[in-house]
Amino acid sequence: MNEQFRVAQKIGLMFRPGTKLPKDIKNWAISQLHADSPVLGISRKTGKVETWPQSMQPDLEERARLFRLYRENKKKEEERKDGQELESAKRANREDNRMEKKDEMKFAHRNVYGKDQIRMRLMSFWANHFTISNSNGAWQVVGHAMEEAILANLNGSFSNMLYKVTTHPGMLAYLDNIWSAGENSKHNISCKLKVDCQSGLNDNLGRELLELHTVSQKAGYSENDIRQTAKTLAGWGTYLGDSVEKLKKKGGTKDHWDMYKTRYAEPGNKKVLDKEIVTGKGGLRQLTDYLASNEYTIMHLSEKLCQHFVSENPQKKDIDYIANSWRRGKGDLDQIHSAVIDRAINSKDDKFQWPMMWLFQVIRLSDATFFKGWQNIYNYDNELMDVEDIFEELGQSFWSDRQPDGYLSKKEEWSSVEMFERRLRFADAIYKVGKPKTSPEEIMDRIGANMTTRNLVESAGGEKGSRFVALMCSPELMGLKSV
């Protein structure tokens with residue numbers, strides 16, 4: 001594979017037909033860190049690429065309003081009121097007020113039709129690192145967290161991204177922090193005097209903040225550190241179904257992303273990994289800043305970035321290169337990501353691609369149309385699957401129920417016979433219904449496919465569909481043969 005496509009496969013999403021290939025691949029890749037990121041897609045499967053309608057990209061407070069309306073209509077459906085028990089009303093409630101199908105399609109469109117492929121890859125990496133799943137209505141805001149907490153902060157500091165993700169209502173809901181109350185909080189004390197009042201400290205987010213998002217278990221933190229972290233987090237977050245009036249009453253704000261309930265907060269200073277954390281709302285920012293700059297965080301995430309973008313078994317020199325950039329830039333993500341790009345280019349090691357990234361790359365390389373347009377999200381198409389079903393069938397979706405540790409990057413997770421058969425089926429479907437505009441031969445010539453790949457395609461015979469499948473499911477196009 002030639003250098004442009006080798007690099008684009010490792011850290012990007014491949015070049016679409018007609019795209020001029022950069023002569024200096026490293027300068028191009030680094031310039032991509034600040035590329036424009038318009039939300040591009042198609043309104044229907046035969047349509048041209050254009051900007052997504054703003055009406056399908058509501059802000060956080062509008063998402064919360066829609067969520068409340070959805071829940072209200074669900075209650076009426078159960079009570080058989082106002083015609084909400086009718087199938088047409090149930091369908092309208094799902095389509096008008098739930099956001100996950102729209103968000104999934106927007107994510108797919110951005111990856112296939114966007115011109116900011118490296119930013120999209122980095123967003124996916126961090127969205128997986130900061131896993132948010134479907135609990136407590138978080139499905140309504142997963143897409144918002146990906147775009148506004150991660151993508152919007154991709155050129156800032158890791159410290160700021162960490163804080164923005166940790167305080168995002170999706171993360172707080174997913175890990176049950178919205179119910180957490182400090183042991184000595186006013187709410188907990190008053191709750192003890194009431195019948196059927198449940199209150200307590202939840203350490204889910206505190207545990208994952210230390211174990212997964214920052215320092216990792218190598219830091220040797222204790223259960224007390226987890227508990228102190230949970231106490232720092234107590235009071236943060238609210239249920240998306242809460243009315244604006246309830247938000248004002250509990251937290252003095254209408255902003256779900258800045259909801260801090262002082263009655264639920266644990267009073268007094270806390271100590272995490274020997275760091276004194278001040279009492280009150282500002283304590284969480286102090287904690288996330290401290291964790292973001294911790295040496296264990298730097299090494300943990302440098303290795304994780306390296307394993308995802310550079311090599312299945314990253315060398316210490318590559319991990320150290322990224323870690324040193326992290327230290328010099330004091331957590332500046334542009335410097336960190338530039339170091340990742342440098343190591344990915346300089347390393348000739350293979351890097352097996354995630355199923356969803358492989359899918360986007362196949363579609364971009366072949367110029368096929370495999371996703372519906374936004375006008376047809378809810379319409380049945382006898383050829384094209386729903387985006388939700390595509391991701392689920394691939395075995396990888398940011399909107400599925402999953403564990404906080406996210407998807408692994410190592411190929412052993414994705415190279416089973418079953419997973420390979422899924423790629424074969426999708427490659428076949430892309431050829432049959434996606435109507436690729438470029439032939440296997442044109443693709444091989446453009447990417448500079450190696451002889452092993454060319455021989456594999458030749459062995460598939462003369463039928464174009466078989467040759468297409470052989471190419472797209474070749475080791476080289478899955479990331480196993482880079483030279």
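Mentor: The largest nonpolar core of this predicted model has 136 residues, and those with the most contacts inside it are Trp126, Phe360 and Met472. A nonpolar core here is a set of buried Ala, Val, Leu, Ile, Met, Phe, Trp, Tyr and Cys residues joined through side-chain atoms within 4.5 Å, where buried means under 20% relative accessible area, exposed over 50% and partly exposed in between, with a 1.4 Å probe and protein chains only. The largest share of this core, 8 residues, comes from α18; helices are DSSP runs of H or I with at least four residues, and strands are runs of E with at least two, numbered from the N terminus. Because the model is predicted, local features need pLDDT of at least 70 and side-chain atom pairs count only at pLDDT 80 or more, while totals for chains, interfaces and linings use all residues. Residues are numbered from 1 along each chain as its sequence is written, and side-chain values use heavy atoms, with hydrogens and water left out.

Phe360, leaving aside its neighbours within four places in sequence, is in contact (heavy atoms within 4.5 Å) with Leu13, Phe107, Ala108, Asn111, Val112, Phe371 and Phe391. Phe360 also belongs to a cluster linked by ring pairs, whose members include Phe107, Trp354, Phe370, Phe371, Phe391 and Trp414.

In total, the structure holds 28 aromatic pairs, in which rings of Phe, Tyr and Trp (its six-membered ring) have centres within 6.5 Å, with planes under 30 degrees apart counted as stacked, over 60 as edge-to-face and the rest as tilted. Trp126 and Phe158 form a tilted pair, 5.6 Å centre to centre with 40° between the planes. Since Trp126 lies in helix α6 (residues 117-129) and Phe158 in helix α8, this pair ties together parts that are 32 residues apart in sequence. Trp126 counts as buried at 0% relative accessibility, and Phe158 is likewise buried, with a relative accessible area of 0%. The rings of Phe370 and Phe371 have their centres 6.3 Å apart and their planes at 65°, so that pair is edge-to-face; Phe370 and Phe371 are both buried.

Turning to α21, the residues Pro440, Ile443, Met444 and Ile447 are buried there. They cover an arc of only 95° around the axis (taken from the directions from the helix axis to the C-beta atoms), which puts them on the same side of α21. An α-helix has 3.6 residues a turn, so residues three or four places apart point the same way. The buried residues of α21 pack against α1 (3-11), α18 (355-366), α22, α23 (464-472) and α24 (475-478), and α18 is also the helix that gives the core its largest share.

After α21 comes Gly448, whose phi is positive, near 70°. Asn450 is placed in the loop between α21 (440-447) and α22 (451-459), and at 13% relative accessibility Asn450 counts as buried. The side chain of Asn450 reaches the backbone nitrogen of Thr452 at 3.2 Å, which is a polar contact, a pair of N or O atoms within 3.5 Å, one able to donate a hydrogen and the other to accept it within protein, with residues adjacent in sequence counting only if both atoms are side-chain atoms. The C-alpha atoms of Asn450 and Glu476 are separated by 7.9 Å, although these residues are 26 residues apart along the chain.
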